[in-house]
Amino acid sequence: MNVAVAVGRALAAAGVRQVFGVVGSGNFHLTNAMVSAGARFVAARHEGGAATMADAYSRMSGTVAALSVHQGCGLTNAMTGIAEAAKSRTPMVVVAAEATEQRSNFYVDQEALARSVGAVPVRITSAETAVAEALGALATAVRERRTVLLNVPLSLQALETEAPVVEAPPPRDAVVPEATEVAALTDLLQRAERAVFVAGRGARGHRKALEELAERCGALLATSAVAHGLFHDNRWDLGISGGFASPRTAELIRDADLIVGWGCALNMWTMRHGQLIGPDATVVQVDDDASALGAHREIHLGVTGDVDLTATLALEAFGEQQVGYRAAELGSVRWRDVAFDDESTGEQIDPRTLSIALDDLLPAERVIAVDSGNFMGYPSVCLSVPDENGLCFTQAFQSVGLGLATAIGAALAQPDRLPVAVLGDGGALMSAAELDTVRRLGLPMLVVVYNDDAYGAEVHHFGPEGHPLETVTFPPTDIAAVGRGYGFEAVTVRSAKDLTAVEDWLDGPRVAPMLVDAKVVADHPSWWLEEAFRGH
(Lines give C-alpha, C1' and ligand atoms only; values in the text may rest on other atoms or scores of the structure.)
Protein backbone atom coordinates (compact mmCIF):
# COMPACT_ATOMS: atom_id res chain seq x y z
CA MET A 1 0.00 0.00 0.00
CA ASN A 2 1.07 3.60 -0.37
CA VAL A 3 2.20 5.98 2.38
CA ALA A 4 -1.07 7.95 2.54
CA VAL A 5 -3.10 4.80 3.11
CA ALA A 6 -0.59 3.32 5.58
CA VAL A 7 -0.47 6.50 7.69
CA GLY A 8 -4.26 6.87 7.77
CA ARG A 9 -4.85 3.23 8.66
CA ALA A 10 -2.14 3.27 11.31
CA LEU A 11 -3.62 6.27 13.11
CA ALA A 12 -7.09 4.73 13.14
CA ALA A 13 -5.81 1.36 14.27
CA ALA A 14 -3.84 3.03 17.09
CA GLY A 15 -6.94 4.65 18.55
CA VAL A 16 -8.00 7.66 16.48
CA ARG A 17 -11.70 6.94 16.08
CA GLN A 18 -13.01 10.42 15.28
CA VAL A 19 -11.79 12.70 12.48
CA PHE A 20 -12.97 16.17 11.50
CA GLY A 21 -11.91 18.13 8.48
CA VAL A 22 -12.39 19.53 5.03
CA VAL A 23 -11.13 17.24 2.29
CA GLY A 24 -9.10 18.44 -0.67
CA SER A 25 -6.78 16.72 -3.09
CA GLY A 26 -3.87 16.54 -0.67
CA ASN A 27 -5.67 14.86 2.23
CA PHE A 28 -8.22 12.86 0.23
CA HIS A 29 -6.47 9.48 0.48
CA LEU A 30 -5.29 10.08 4.06
CA THR A 31 -8.84 10.77 5.20
CA ASN A 32 -10.39 7.87 3.32
CA ALA A 33 -7.79 5.53 4.79
CA MET A 34 -8.76 6.54 8.32
CA VAL A 35 -12.43 6.02 7.48
CA SER A 36 -11.80 2.61 5.90
CA ALA A 37 -9.96 1.58 9.07
CA GLY A 38 -13.00 2.40 11.21
CA ALA A 39 -12.72 6.07 12.11
CA ARG A 40 -15.76 8.31 11.82
CA PHE A 41 -15.29 11.38 9.63
CA VAL A 42 -17.27 14.58 10.04
CA ALA A 43 -17.01 17.05 7.17
CA ALA A 44 -17.09 20.63 8.41
CA ARG A 45 -17.83 23.59 6.19
CA HIS A 46 -14.59 25.37 7.15
CA GLU A 47 -11.27 24.09 8.45
CA GLY A 48 -11.45 26.52 11.37
CA GLY A 49 -14.67 24.90 12.50
CA ALA A 50 -13.24 21.43 11.97
CA ALA A 51 -10.23 22.22 14.17
CA THR A 52 -12.41 23.38 17.05
CA MET A 53 -14.74 20.39 16.68
CA ALA A 54 -11.75 18.08 17.05
CA ASP A 55 -10.51 20.06 20.05
CA ALA A 56 -13.90 19.92 21.79
CA TYR A 57 -14.39 16.23 21.00
CA SER A 58 -11.01 15.38 22.51
CA ARG A 59 -11.76 17.37 25.66
CA MET A 60 -15.21 15.91 26.23
CA SER A 61 -14.45 12.32 25.24
CA GLY A 62 -11.05 11.84 26.84
CA THR A 63 -9.76 10.42 23.55
CA VAL A 64 -7.51 11.79 20.81
CA ALA A 65 -9.38 13.13 17.79
CA ALA A 66 -7.79 14.02 14.48
CA LEU A 67 -8.13 17.01 12.19
CA SER A 68 -7.53 16.38 8.48
CA VAL A 69 -6.65 19.35 6.26
CA HIS A 70 -5.35 20.16 2.80
CA GLN A 71 -1.82 21.46 2.37
CA GLY A 72 -1.14 25.17 2.76
CA CYS A 73 -4.46 27.01 2.74
CA GLY A 74 -6.33 24.19 4.45
CA LEU A 75 -3.91 24.40 7.34
CA THR A 76 -3.88 28.19 7.51
CA ASN A 77 -7.69 28.22 7.61
CA ALA A 78 -7.51 25.97 10.67
CA MET A 79 -4.83 27.83 12.61
CA THR A 80 -7.05 29.69 15.09
CA GLY A 81 -8.69 26.44 16.19
CA ILE A 82 -5.29 24.74 16.35
CA ALA A 83 -3.94 27.61 18.46
CA GLU A 84 -6.82 27.21 20.93
CA ALA A 85 -6.16 23.47 21.19
CA ALA A 86 -2.41 23.93 21.60
CA LYS A 87 -2.78 26.60 24.29
CA SER A 88 -5.18 24.30 26.13
CA ARG A 89 -2.82 21.32 25.87
CA THR A 90 -5.52 19.30 24.11
CA PRO A 91 -4.22 15.90 22.95
CA MET A 92 -5.02 16.07 19.23
CA VAL A 93 -3.38 15.14 15.92
CA VAL A 94 -3.59 17.48 12.93
CA VAL A 95 -2.99 15.43 9.79
CA ALA A 96 -1.94 17.86 7.07
CA ALA A 97 -0.81 17.27 3.54
CA GLU A 98 2.32 19.30 2.84
CA ALA A 99 3.74 20.91 -0.27
CA THR A 100 7.51 20.91 0.17
CA GLU A 101 8.35 22.49 -3.19
CA GLN A 102 8.65 26.22 -2.57
CA ARG A 103 7.39 27.07 -6.07
CA SER A 104 4.05 25.46 -5.24
CA ASN A 105 1.10 27.78 -4.72
CA PHE A 106 0.35 25.75 -1.59
CA TYR A 107 3.78 26.10 -0.01
CA VAL A 108 4.02 27.61 3.45
CA ASP A 109 6.38 26.77 6.29
CA GLN A 110 3.99 24.43 8.08
CA GLU A 111 6.48 23.53 10.80
CA ALA A 112 6.89 27.21 11.66
CA LEU A 113 3.12 27.66 11.75
CA ALA A 114 2.82 24.86 14.28
CA ARG A 115 5.57 26.20 16.49
CA SER A 116 4.17 29.72 16.36
CA VAL A 117 1.01 28.64 18.21
CA GLY A 118 2.58 26.06 20.52
CA ALA A 119 1.77 22.90 18.57
CA VAL A 120 4.40 20.19 18.03
CA PRO A 121 5.45 19.68 14.38
CA VAL A 122 6.27 16.18 13.10
CA ARG A 123 7.02 15.26 9.49
CA ILE A 124 6.86 12.00 7.58
CA THR A 125 10.38 11.74 6.18
CA SER A 126 10.37 8.52 4.16
CA ALA A 127 8.18 5.64 3.05
CA GLU A 128 10.10 3.25 5.29
CA THR A 129 9.60 5.32 8.44
CA ALA A 130 6.13 6.70 7.70
CA VAL A 131 4.10 4.49 10.01
CA ALA A 132 6.55 4.78 12.91
CA GLU A 133 6.60 8.56 12.58
CA ALA A 134 2.81 8.77 12.47
CA LEU A 135 2.51 6.59 15.56
CA GLY A 136 5.18 8.69 17.25
CA ALA A 137 3.09 11.80 16.62
CA LEU A 138 0.08 10.13 18.22
CA ALA A 139 2.16 8.99 21.19
CA THR A 140 3.34 12.57 21.75
CA ALA A 141 -0.26 13.77 21.74
CA VAL A 142 -1.26 11.12 24.30
CA ARG A 143 1.71 11.05 26.63
CA GLU A 144 2.65 14.74 26.57
CA ARG A 145 -0.89 16.14 26.21
CA ARG A 146 0.05 18.14 23.15
CA THR A 147 -1.55 19.19 19.90
CA VAL A 148 0.65 17.67 17.19
CA LEU A 149 0.86 18.69 13.53
CA LEU A 150 1.70 15.63 11.42
CA ASN A 151 2.93 16.88 8.03
CA VAL A 152 2.58 14.30 5.23
CA PRO A 153 4.49 15.56 2.17
CA LEU A 154 2.74 15.19 -1.17
CA SER A 155 5.97 13.86 -2.65
CA LEU A 156 5.85 10.82 -0.33
CA GLN A 157 2.16 9.98 -0.22
CA ALA A 158 2.10 7.76 -3.34
CA LEU A 159 5.26 5.80 -2.50
CA GLU A 160 4.84 2.15 -1.59
CA THR A 161 5.41 0.94 1.95
CA GLU A 162 4.64 -2.04 4.13
CA ALA A 163 1.24 -2.56 5.69
CA PRO A 164 1.28 -1.06 9.21
CA VAL A 165 1.81 -3.14 12.31
CA VAL A 166 0.19 -1.08 15.03
CA GLU A 167 -0.02 -0.91 18.79
CA ALA A 168 -1.92 1.85 20.55
CA PRO A 169 0.37 4.19 22.49
CA PRO A 170 0.33 3.57 26.24
CA PRO A 171 -1.45 6.20 28.35
CA ARG A 172 0.42 8.86 30.22
CA ASP A 173 1.92 7.49 33.43
CA ALA A 174 0.66 8.91 36.70
CA VAL A 175 3.40 11.06 38.25
CA VAL A 176 4.15 9.94 41.81
CA PRO A 177 4.82 12.94 44.09
CA GLU A 178 7.84 13.09 46.35
CA ALA A 179 7.05 11.99 49.90
CA THR A 180 8.54 15.21 51.29
CA GLU A 181 6.23 17.30 49.13
CA VAL A 182 3.17 15.31 50.21
CA ALA A 183 4.22 15.71 53.83
CA ALA A 184 4.60 19.47 53.40
CA LEU A 185 1.17 19.71 51.77
CA THR A 186 -0.41 17.60 54.51
CA ASP A 187 1.15 19.79 57.19
CA LEU A 188 -0.24 22.94 55.59
CA LEU A 189 -3.70 21.36 55.33
CA GLN A 190 -3.59 20.30 59.00
CA ARG A 191 -2.68 23.81 60.14
CA ALA A 192 -5.10 25.66 57.87
CA GLU A 193 -8.33 27.06 59.32
CA ARG A 194 -9.83 28.27 56.05
CA ALA A 195 -8.58 26.15 53.14
CA VAL A 196 -9.97 26.41 49.61
CA PHE A 197 -9.32 23.89 46.85
CA VAL A 198 -9.38 25.31 43.32
CA ALA A 199 -9.56 22.49 40.79
CA GLY A 200 -8.55 23.09 37.19
CA ARG A 201 -8.25 21.19 33.93
CA GLY A 202 -5.84 18.69 35.46
CA ALA A 203 -8.37 17.77 38.16
CA ARG A 204 -11.10 16.72 35.75
CA GLY A 205 -12.08 13.13 36.51
CA HIS A 206 -10.68 13.26 40.05
CA ARG A 207 -13.72 14.43 42.02
CA LYS A 208 -13.81 11.58 44.54
CA ALA A 209 -10.23 11.96 45.80
CA LEU A 210 -10.49 15.75 46.10
CA GLU A 211 -13.86 15.65 47.86
CA GLU A 212 -12.62 13.09 50.37
CA LEU A 213 -9.53 15.14 51.23
CA ALA A 214 -11.57 18.36 51.40
CA GLU A 215 -14.05 16.65 53.74
CA ARG A 216 -11.23 15.52 56.02
CA CYS A 217 -9.57 18.93 56.30
CA GLY A 218 -12.72 21.07 56.07
CA ALA A 219 -11.80 22.80 52.81
CA LEU A 220 -14.22 24.59 50.51
CA LEU A 221 -14.29 23.63 46.83
CA ALA A 222 -14.05 25.76 43.71
CA THR A 223 -13.01 25.29 40.10
CA SER A 224 -11.59 27.18 37.17
CA ALA A 225 -14.00 27.74 34.28
CA VAL A 226 -12.71 24.73 32.33
CA ALA A 227 -13.48 22.40 35.26
CA HIS A 228 -16.88 23.93 36.00
CA GLY A 229 -19.30 21.33 37.36
CA LEU A 230 -16.66 19.06 38.89
CA PHE A 231 -18.22 19.43 42.35
CA HIS A 232 -21.84 19.84 41.21
CA ASP A 233 -24.34 19.35 44.07
CA ASN A 234 -21.64 19.29 46.76
CA ARG A 235 -22.93 21.57 49.53
CA TRP A 236 -19.46 23.12 49.90
CA ASP A 237 -19.03 23.94 46.20
CA LEU A 238 -18.32 27.62 45.58
CA GLY A 239 -18.61 27.34 41.80
CA ILE A 240 -16.19 29.10 39.47
CA SER A 241 -13.28 31.04 40.95
CA GLY A 242 -11.98 34.19 39.29
CA GLY A 243 -13.65 36.68 37.00
CA PHE A 244 -16.87 34.67 36.92
CA ALA A 245 -17.04 34.25 40.71
CA SER A 246 -20.13 35.48 42.51
CA PRO A 247 -19.61 38.16 45.19
CA ARG A 248 -19.98 35.59 47.98
CA THR A 249 -17.60 33.14 46.31
CA ALA A 250 -15.00 35.88 45.83
CA GLU A 251 -15.35 36.88 49.49
CA LEU A 252 -14.83 33.34 50.75
CA ILE A 253 -11.79 32.69 48.56
CA ARG A 254 -10.25 36.05 49.47
CA ASP A 255 -10.60 35.18 53.19
CA ALA A 256 -8.89 31.78 52.80
CA ASP A 257 -5.64 31.22 54.67
CA LEU A 258 -4.65 28.37 52.29
CA ILE A 259 -5.40 28.07 48.59
CA VAL A 260 -4.49 24.82 46.84
CA GLY A 261 -4.61 24.71 43.07
CA TRP A 262 -5.18 21.15 41.87
CA GLY A 263 -4.17 20.86 38.21
CA CYS A 264 -4.96 24.56 38.01
CA ALA A 265 -2.69 27.32 36.73
CA LEU A 266 -3.96 29.89 39.27
CA ASN A 267 -3.57 32.44 36.48
CA MET A 268 -4.91 35.98 36.20
CA TRP A 269 -8.37 34.72 35.25
CA THR A 270 -8.79 32.20 38.07
CA MET A 271 -7.32 34.49 40.74
CA ARG A 272 -8.48 37.90 39.39
CA HIS A 273 -4.89 39.06 38.89
CA GLY A 274 -4.13 37.90 42.43
CA GLN A 275 -6.97 39.87 44.02
CA LEU A 276 -8.57 36.66 45.32
CA ILE A 277 -5.43 35.77 47.27
CA GLY A 278 -5.48 37.32 50.73
CA PRO A 279 -2.29 39.03 51.98
CA ASP A 280 -1.61 36.25 54.50
CA ALA A 281 -2.74 33.30 52.40
CA THR A 282 -0.44 30.39 51.62
CA VAL A 283 -0.58 29.28 48.00
CA VAL A 284 0.08 25.70 46.88
CA GLN A 285 0.04 24.18 43.40
CA VAL A 286 -0.27 20.48 42.60
CA ASP A 287 0.43 19.53 38.98
CA ASP A 288 1.96 16.57 37.20
CA ASP A 289 3.93 18.98 34.98
CA ALA A 290 6.72 20.59 36.99
CA SER A 291 7.00 23.48 34.53
CA ALA A 292 3.46 24.58 35.45
CA LEU A 293 4.35 25.19 39.09
CA GLY A 294 4.66 28.90 39.80
CA ALA A 295 4.32 29.76 36.12
CA HIS A 296 1.73 32.49 36.74
CA ARG A 297 2.36 33.60 40.31
CA GLU A 298 4.58 33.07 43.31
CA ILE A 299 3.68 29.95 45.28
CA HIS A 300 4.77 28.77 48.69
CA LEU A 301 4.78 25.07 47.82
CA GLY A 302 4.75 23.18 44.55
CA VAL A 303 3.95 19.49 44.40
CA THR A 304 4.84 17.65 41.20
CA GLY A 305 2.40 14.79 41.07
CA ASP A 306 -0.81 13.33 39.72
CA VAL A 307 -3.82 15.08 41.26
CA ASP A 308 -5.66 11.91 42.27
CA LEU A 309 -2.59 10.19 43.66
CA THR A 310 -1.41 13.27 45.56
CA ALA A 311 -4.83 13.84 47.14
CA THR A 312 -5.08 10.18 48.12
CA LEU A 313 -1.63 10.17 49.74
CA ALA A 314 -2.39 13.39 51.64
CA LEU A 315 -5.67 11.90 52.88
CA GLU A 316 -3.91 8.78 54.14
CA ALA A 317 -1.44 10.91 56.08
CA PHE A 318 -3.88 13.51 57.38
CA GLY A 319 -5.32 12.07 60.59
CA GLU A 320 -8.57 13.07 62.31
CA GLN A 321 -11.25 15.07 60.52
CA GLN A 322 -11.26 18.84 61.02
CA VAL A 323 -14.10 21.35 60.71
CA GLY A 324 -11.89 23.91 59.00
CA TYR A 325 -13.70 26.33 56.73
CA ARG A 326 -16.96 24.41 57.08
CA ALA A 327 -17.93 25.81 60.46
CA ALA A 328 -20.86 27.73 59.01
CA GLU A 329 -23.11 27.58 55.96
CA LEU A 330 -21.82 29.24 52.82
CA GLY A 331 -24.81 31.41 52.07
CA SER A 332 -25.73 32.03 48.45
CA VAL A 333 -22.78 31.47 46.12
CA ARG A 334 -24.78 31.29 42.87
CA TRP A 335 -24.87 34.28 40.56
CA ARG A 336 -28.48 33.56 39.65
CA ASP A 337 -29.45 34.16 43.29
CA VAL A 338 -27.90 37.65 43.32
CA ALA A 339 -30.71 40.22 43.15
CA PHE A 340 -30.82 42.49 40.11
CA ASP A 341 -33.15 44.98 38.48
CA ASP A 342 -34.61 43.37 35.37
CA GLU A 343 -33.92 45.89 32.59
CA SER A 344 -35.94 44.10 29.92
CA THR A 345 -37.83 46.61 27.78
CA GLY A 346 -40.32 44.52 25.83
CA GLU A 347 -38.17 44.95 22.72
CA GLN A 348 -35.01 43.61 24.35
CA ILE A 349 -34.50 41.05 27.10
CA ASP A 350 -32.07 41.46 29.98
CA PRO A 351 -29.29 38.88 29.47
CA ARG A 352 -29.54 37.89 33.14
CA THR A 353 -33.27 37.24 32.80
CA LEU A 354 -32.65 35.26 29.62
CA SER A 355 -29.90 33.13 31.17
CA ILE A 356 -31.86 32.25 34.30
CA ALA A 357 -34.98 31.42 32.31
CA LEU A 358 -32.97 29.13 30.03
CA ASP A 359 -31.43 27.38 33.02
CA ASP A 360 -34.91 26.63 34.33
CA LEU A 361 -36.06 25.26 30.97
CA LEU A 362 -33.13 23.07 29.96
CA PRO A 363 -32.89 19.43 31.03
CA ALA A 364 -30.24 18.64 33.64
CA GLU A 365 -28.28 16.44 31.25
CA ARG A 366 -26.76 19.11 29.05
CA VAL A 367 -23.44 19.98 27.43
CA ILE A 368 -22.88 23.68 26.89
CA ALA A 369 -20.43 25.60 24.73
CA VAL A 370 -20.05 29.35 25.17
CA ASP A 371 -18.45 31.61 22.58
CA SER A 372 -16.34 34.63 23.45
CA GLY A 373 -17.74 38.14 23.82
CA ASN A 374 -19.29 40.64 26.19
CA PHE A 375 -22.26 38.32 26.79
CA MET A 376 -20.33 35.22 27.76
CA GLY A 377 -20.31 35.61 31.53
CA TYR A 378 -24.08 35.38 31.88
CA PRO A 379 -24.57 31.87 30.44
CA SER A 380 -21.26 30.64 31.85
CA VAL A 381 -22.38 31.24 35.43
CA CYS A 382 -26.17 30.98 35.18
CA LEU A 383 -26.43 27.74 33.19
CA SER A 384 -25.70 24.91 35.60
CA VAL A 385 -23.95 21.76 34.39
CA PRO A 386 -24.11 18.22 35.79
CA ASP A 387 -20.37 17.57 35.94
CA GLU A 388 -17.02 18.63 34.49
CA ASN A 389 -18.11 17.37 31.07
CA GLY A 390 -21.06 19.74 31.00
CA LEU A 391 -19.24 22.89 29.87
CA CYS A 392 -16.74 22.91 27.00
CA PHE A 393 -14.89 26.20 27.45
CA THR A 394 -12.63 26.94 24.48
CA GLN A 395 -11.31 30.30 25.70
CA ALA A 396 -7.54 29.88 25.98
CA PHE A 397 -7.06 32.03 22.85
CA GLN A 398 -10.11 34.23 23.52
CA SER A 399 -11.18 34.00 19.90
CA VAL A 400 -14.68 34.99 18.87
CA GLY A 401 -16.37 32.46 16.61
CA LEU A 402 -15.41 29.08 18.15
CA GLY A 403 -18.59 28.44 20.13
CA LEU A 404 -20.73 26.72 17.51
CA ALA A 405 -17.98 24.33 16.41
CA THR A 406 -17.20 23.66 20.07
CA ALA A 407 -20.80 22.62 20.62
CA ILE A 408 -20.69 20.25 17.64
CA GLY A 409 -17.57 18.46 18.87
CA ALA A 410 -18.92 18.30 22.43
CA ALA A 411 -22.29 17.00 21.21
CA LEU A 412 -20.67 14.10 19.36
CA ALA A 413 -18.55 13.26 22.41
CA GLN A 414 -21.55 13.42 24.79
CA PRO A 415 -24.42 12.09 22.64
CA ASP A 416 -26.77 11.44 25.57
CA ARG A 417 -26.92 15.12 26.52
CA LEU A 418 -28.72 18.10 25.03
CA PRO A 419 -26.08 20.21 23.25
CA VAL A 420 -26.43 23.96 23.76
CA ALA A 421 -24.36 26.50 21.82
CA VAL A 422 -24.44 29.98 23.36
CA LEU A 423 -23.13 32.64 21.01
CA GLY A 424 -23.02 36.37 20.50
CA ASP A 425 -24.23 37.79 17.21
CA GLY A 426 -20.64 38.36 16.10
CA GLY A 427 -19.58 34.77 16.71
CA ALA A 428 -22.83 33.39 15.32
CA LEU A 429 -22.45 35.17 11.98
CA MET A 430 -18.72 34.45 11.86
CA SER A 431 -19.36 30.70 12.14
CA ALA A 432 -22.78 30.46 10.46
CA ALA A 433 -21.56 27.98 7.84
CA GLU A 434 -21.38 25.31 10.55
CA LEU A 435 -25.14 25.60 11.10
CA ASP A 436 -25.24 23.39 8.03
CA THR A 437 -23.04 20.84 9.83
CA VAL A 438 -25.43 20.79 12.80
CA ARG A 439 -28.40 20.19 10.52
CA ARG A 440 -26.59 17.64 8.34
CA LEU A 441 -25.51 15.59 11.37
CA GLY A 442 -29.05 15.61 12.74
CA LEU A 443 -27.92 17.03 16.09
CA PRO A 444 -30.82 18.08 18.35
CA MET A 445 -28.93 21.24 19.25
CA LEU A 446 -30.21 24.44 20.82
CA VAL A 447 -28.33 27.49 19.54
CA VAL A 448 -28.91 30.65 21.57
CA VAL A 449 -27.64 33.96 20.18
CA TYR A 450 -27.29 36.93 22.56
CA ASN A 451 -27.80 39.53 19.86
CA ASP A 452 -26.81 43.13 20.60
CA ASP A 453 -25.96 44.02 16.97
CA ALA A 454 -22.37 44.81 17.95
CA TYR A 455 -19.05 43.60 19.15
CA GLY A 456 -20.19 44.46 22.65
CA ALA A 457 -16.84 44.14 24.40
CA GLU A 458 -15.36 46.90 22.25
CA VAL A 459 -18.49 49.06 22.52
CA HIS A 460 -18.32 49.05 26.30
CA HIS A 461 -14.56 49.41 26.49
CA PHE A 462 -14.14 52.31 24.08
CA GLY A 463 -17.59 53.93 24.14
CA PRO A 464 -17.32 55.62 27.57
CA GLU A 465 -14.21 57.46 26.39
CA GLY A 466 -16.11 58.98 23.50
CA HIS A 467 -14.47 57.00 20.70
CA PRO A 468 -16.48 56.49 17.49
CA LEU A 469 -18.12 53.06 17.42
CA GLU A 470 -19.15 52.70 13.78
CA THR A 471 -16.52 50.00 13.25
CA VAL A 472 -17.98 47.74 15.95
CA THR A 473 -21.73 48.26 15.59
CA PHE A 474 -24.00 46.85 12.90
CA PRO A 475 -27.54 47.22 11.53
CA PRO A 476 -30.04 44.74 13.03
CA THR A 477 -29.77 41.23 11.59
CA ASP A 478 -32.55 38.66 11.59
CA ILE A 479 -30.46 35.74 12.76
CA ALA A 480 -33.61 33.65 13.25
CA ALA A 481 -34.14 33.89 9.48
CA VAL A 482 -30.55 32.78 8.90
CA GLY A 483 -31.24 29.74 11.07
CA ARG A 484 -34.38 28.88 9.14
CA GLY A 485 -32.39 29.06 5.95
CA TYR A 486 -30.14 26.30 7.27
CA GLY A 487 -33.11 24.12 8.26
CA PHE A 488 -33.46 25.13 11.90
CA GLU A 489 -36.60 25.86 13.80
CA ALA A 490 -36.13 29.42 15.01
CA VAL A 491 -37.65 32.07 17.23
CA THR A 492 -36.93 35.72 17.98
CA VAL A 493 -36.95 36.38 21.72
CA ARG A 494 -37.58 39.86 23.09
CA SER A 495 -39.09 38.89 26.44
CA ALA A 496 -39.26 35.84 28.70
CA LYS A 497 -42.68 34.87 27.35
CA ASP A 498 -41.17 34.37 23.90
CA LEU A 499 -39.24 31.41 25.32
CA THR A 500 -42.46 29.38 25.17
CA ALA A 501 -41.31 28.30 21.72
CA VAL A 502 -38.13 26.89 23.25
CA GLU A 503 -40.14 25.03 25.88
CA ASP A 504 -42.34 23.54 23.16
CA TRP A 505 -39.27 22.45 21.20
CA LEU A 506 -37.72 20.85 24.28
CA ASP A 507 -40.95 18.96 24.96
CA GLY A 508 -41.24 17.82 21.35
CA PRO A 509 -39.41 15.32 19.16
CA ARG A 510 -36.62 17.81 18.29
CA VAL A 511 -36.51 16.60 14.70
CA ALA A 512 -34.72 19.79 13.69
CA PRO A 513 -32.25 21.91 15.69
CA MET A 514 -33.51 25.12 17.28
CA LEU A 515 -32.06 28.64 17.04
CA VAL A 516 -32.99 31.46 19.42
CA ASP A 517 -32.29 35.01 18.23
CA ALA A 518 -32.43 36.83 21.57
CA LYS A 519 -32.46 40.60 21.24
CA VAL A 520 -30.63 41.50 24.45
CA VAL A 521 -30.35 44.73 26.41
CA ALA A 522 -26.90 46.10 25.75
CA ASP A 523 -26.71 49.17 27.98
CA HIS A 524 -24.00 47.86 30.31
CA PRO A 525 -20.79 45.89 30.08
CA SER A 526 -20.85 42.52 31.81
CA TRP A 527 -19.13 42.51 35.20
CA TRP A 528 -16.08 40.57 34.07
CA LEU A 529 -15.30 42.79 31.04
CA GLU A 530 -13.08 45.40 32.69
CA GLU A 531 -10.97 42.64 34.16
CA ALA A 532 -10.66 40.95 30.78
CA PHE A 533 -9.30 44.08 29.15
CA ARG A 534 -6.83 44.55 31.98
CA GLY A 535 -5.36 41.19 31.00
CA HIS A 536 -4.58 42.15 27.41
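These notebook entries record what I looked up in the structure.

**Entry 1. Ground rules**

I am working with a predicted model, in which local features need pLDDT of at least 70, side-chain atom pairs count only at pLDDT 80 or more, and totals for chains, interfaces and linings use all residues. Residues are numbered from 1 along each chain as its sequence is written, and side-chain values use heavy atoms, with hydrogens and water left out.

**Entry 2. Nonpolar cores**

I began with the cores. A nonpolar core here is a set of buried Ala, Val, Leu, Ile, Met, Phe, Trp, Tyr and Cys residues joined through side-chain atoms within 4.5 Å. Buried means under 20% relative accessible area, exposed means over 50%, and partly exposed lies in between, with a 1.4 Å probe and protein chains only. The largest core has 53 residues, and the members that touch the most others are Phe 20, Leu 67, Ile 82, Val 94, Leu 404, Met 445 and Val 447. Helix H14 (residues 403-413) gives this core its largest share, eight residues. I note that helices (H or I, at least four residues) and strands (E, at least two) are DSSP runs, numbered from the N terminus.

I then listed the contacts of Met 445, where contact means heavy atoms within 4.5 Å. Leaving out residues up to four places away in sequence, Met 445 touches Leu 404, Ala 407, Ile 408, Ala 411, Pro 419, Ala 421, Val 438, Trp 505, Pro 513 and Met 514. A second, separate core holds 38 residues, including Leu 391, Leu 418, Val 491 and Val 520.

I checked the burial of H14 and found eleven of its eleven residues buried. Among them are Gly 403, Leu 404, Thr 406, Ile 408 and Leu 412. Gln 414 is found in the loop between H14 and strand S15 (418-424). Gln 414 counts as buried because its relative accessibility is 14%. Beyond residues up to four places away in sequence, Gln 414 touches Met 60, Val 367 and Asn 389.

**Entry 3. Cysteines**

I searched for disulfides, each a pair of cysteine sulfur atoms within 2.5 Å, and the structure holds zero. Cys 264 is buried, with a relative accessible area of 4%, and Cys 392 is buried at 1%.

**Entry 4. Helix pairs**

I next examined packed helices. Axes are lines fitted to C-alpha atoms, for helices over the stretch in contact, and angles run from 0 to 180 degrees between N-to-C directions. Angles under 35 degrees count as roughly parallel, over 145 as roughly antiparallel, 65 to 115 as roughly perpendicular and the rest as oblique. A crossing is left-handed if the near helix is turned anticlockwise from the far one by less than a right angle, and right-handed if clockwise.

- Helix H3 (residues 47-61) and helix H4 (residues 73-87) have axes 7 Å apart and an angle of about 30 degrees, so they are roughly parallel. H3 passes H4 in a right-handed crossing. Residues in the contact include Ala 51 and Asp 55 of H3 and Ala 78 and Ile 82 of H4.
- The axes of helix H8 (residues 179-191) and helix H11 (residues 307-318) come within 9 Å and cross at roughly 60 degrees, so the pair is oblique. The crossing of H8 past H11 is right-handed. Among the contact residues are Val 182 and Leu 185 of H8 and Leu 313 and Phe 318 of H11.
- Helix H1 (residues 3-13) and helix H6 (residues 130-144) pack at about 35 degrees, with axes 9 Å apart. Their crossing is right-handed. Val 3, Ala 6, Val 7, Ala 10 and Leu 11 in H1 meet Ala 130, Val 131, Ala 134, Leu 135 and Leu 138 in H6.

**Entry 5. Helix H9**

In helix H9 (residues 207-217) I found Ala 209, Leu 210, Glu 211, Leu 213, Ala 214 and Cys 217 buried. The buried residues of H9 pack against H8, H11 and strands S7 (195-199), S8 (220-223) and S10 (258-262). Gly 218 follows H9 and has a positive phi, near 75 degrees.

Most residues other than glycine have a negative phi. I noted Arg 89, with phi near 55 degrees, in the loop between H4 and strand S4 (92-98). Arg 89 is partly exposed, at 34% relative accessibility. Arg 272 has phi near 50 degrees and lies in the loop between S10 and strand S11 (282-287). Arg 272 counts as buried, at 14%.
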